[in-house]
Amino acid sequence: GDSQQPTTNSDGKKKKEERAAKATRRSSHSHSHSHSQRSRQGHRATAAKHSMGCVSSTPAAEPEPELDHAQKAAQQRRRLSVAPQQVGDIDGKSPSMKDGDANAAAAADQGAGDDSKMAEVVGGDDSKLGKLEVESRGHLRHAMLSRKGYVPYNRNKVNQDRAFVKYALQGDVELSAFGVMDGHGEFGHLVAEFVRKNLPLYLEKQENLKSDPKAAITEAVEQLTKELATTNINISFSGTTAVFTVKVKNRLYVANIGDSRCVIYESDGSKVTKTKNASRDHKPENPGEKERILRAGGRVEPLPGPPGEDCGPHRVWLKEVDVPGLAMSRSIGDEVSQTVGVISVPEILEFDLTAKDAFIVWASDGVWEFLSSEQVGDIVFPMRRDLNKAAATLVQAAHKQWSQEEEVVDDITCVIVNCENHPGSD
């Protein structure tokens with residue numbers, strides 16, 4: 001079932017296809033500007049069309065001959081895309097940001113808390129947990145932290161990442177869940193927030209969550225995506241990743257949709273001894289993923305650009321139109337992408353939580369883009385018993401790498417769970 005889309009009723013499928021077709025027609029129509037209009041827009045239009053996930057416009061004309069601006073635009077276009085009305089001048093100036101500024105990963109509904117500087121940490125303080133949740137948590141400790149990224153030409157950027165931790169699912173102390181979402185597109189923060197709020201609820205609705213977790217998780221995601229399609233959130237070119245884990249006793253069911261990642265780290269007490277990637281990044285060029293997209297009539301290739309330019313990762317396109325340009329092969333939302341083989345079916349891997357496991361990290365690709373799984377383990381390990389510090393240090397390290405490599409900085413979010421002293425399955 002990993003390579004098949006969730007089944008839907010014919011009416012729902014027809015409505016989805018109609019909405020996607022309308023969105024594609026609007027997108028194609030909006031790109032029929034004259035050559036003179038495109039020339040006047042120059043590097044601004046070039047930079048505007050790309051995103052931390054998807055692109056919804058055709059290639060712009062040749063950039064203006066200002067080399068410094070052209071170079072900045074070329075860098076930014078590899079990662080970002082925003083709607084034209086959100087684009088401002090590319091001046092290369094970053095607003096002053098204090099190291100350690102954080103946003104609540106589980107902020108208020110629909111992004112209202114994007115600029116709140118908070119982190120949620122659960123360690124010795126159980127004030128936020130009920131009695132049942134404390135019992136469910138057991139020896140585990142967690143922290144989650146999110147930092148909004150920076151886009152020079154989008155002054156009103158919001159944090160599109162979200163995260164959640166939920167102990168005692170269904171009121172059962174043997175069930176808990178942890179996850180991270182990374183929204184993309186103009187309304188990606190709304191999609192990510194919808195998933196943050198509703199995914200735990202849909203998991204709890206599954207009567208077989210404990211007896212058949214993989215089937216329950218798959219069904220919960222399918223029900224979630226069906227409800228999302230009925231909301232007023234425009235998901236034509238917007239969506240989110242989701243990497244989350246359902247813990248059943250000492251068994252971990254790691255579900256992934258997109259390119260966020262979960263990693264489990266073993267330790268001998270003095271160092272990390274083993275790094276276990278508990279999810280696989282869903283990239284369009286991956287075998288199997290690419291084949292499914294091509295079979296559905298899509299294309300897989302990087303952004304169009306001049307020879308020799310780094311045009312970034314492979315993306316998903318319609319056969320005849322340069323949209324949507326999604327840089328992952330699975331996501332929640334993204335209706336246009338889902339007409340050409342992008343799916344929202346989670347890939348689920350299973351692991352036993354053992355006495356060797358020291359900590360687990362779930363994070364958006366704001367962390368993984370420039371830091372390897374091994375590097376993340378080396379950063380977190382010395383501070384694994386001070387999770388607030390560990391999360392802040394990891395987020396700052398990722399931010400520093402982005403600042404050194406790019407003109408833009410992605411949203412950066414992590415959930416870290418210390419599972420030392422957990423009895424494990426052995």
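Helices α9 and α10 are oblique to each other, since angles under 35 degrees count as roughly parallel, over 145 as roughly antiparallel, 65 to 115 as roughly perpendicular and the rest as oblique. This is a predicted model, where local features need pLDDT of at least 70 and side-chain atom pairs count only at pLDDT 80 or more, while totals for chains, interfaces and linings use all residues. Residues are numbered from 1 along each chain as its sequence is written, and side-chain values use heavy atoms, leaving out hydrogens and water.

**Helices α9 and α10**

- Helix α9 covers residues 373-380 and helix α10 covers residues 387-405; they pack at about 140° with their axes 9 Å apart. Axes here are lines fitted to C-alpha atoms, for helices over the stretch in contact, with angles running from 0 to 180 degrees between N-to-C directions.
- The contact (heavy atoms within 4.5 Å) brings Val376, Ile379 and Val380 of α9 up against Ala390, Thr393, Leu394 and Ala397 of α10.
- Sorted by class, that contact has six nonpolar residues, one polar and no charged ones. Ala, Val, Leu, Ile, Met, Phe, Trp, Tyr, Cys and Pro count as nonpolar, Asp, Glu, Lys and Arg as charged, and the others, Gly among them, as polar.

**Helices α5 and α6**

- Helix α5 (residues 188-205) and helix α6 (residues 213-230) cross at roughly 135°, and their axes come within 9 Å.
- That angle makes α5 oblique to α6.
- From α5, the residues involved are Val191, Phe194, Val195, Asn198, Leu199, Tyr202 and Leu203, and they meet Ile217, Ala220, Val221, Gln223, Leu224, Glu227 and Leu228 in α6.
- By class, you get eleven nonpolar, two polar and one charged residues in this contact.

**Histidine 189**

- Histidine 189 sits in helix α5.
- Its relative accessibility is 13%, so histidine 189 counts as buried (under 20% relative accessible area, with exposed over 50% and partly exposed in between, using a 1.4 Å probe and protein chains only).
- Asparagine 159 is 30 residues away along the chain, yet its C-alpha and that of histidine 189 are separated by 6.8 Å.

**Glutamate 420**

- You'll find glutamate 420 in the segment after β16 (412-418).
- Glutamate 420 is buried too, at a relative accessible area of 12%.
- Leaving aside residues up to four places away in sequence, glutamate 420 touches His139, Asp357, Ala358, Arg384 and Arg385.

How values were computed
Helix = DSSP H or I, 4+ residues; strand = E, 2+ residues; numbered from the N terminus.
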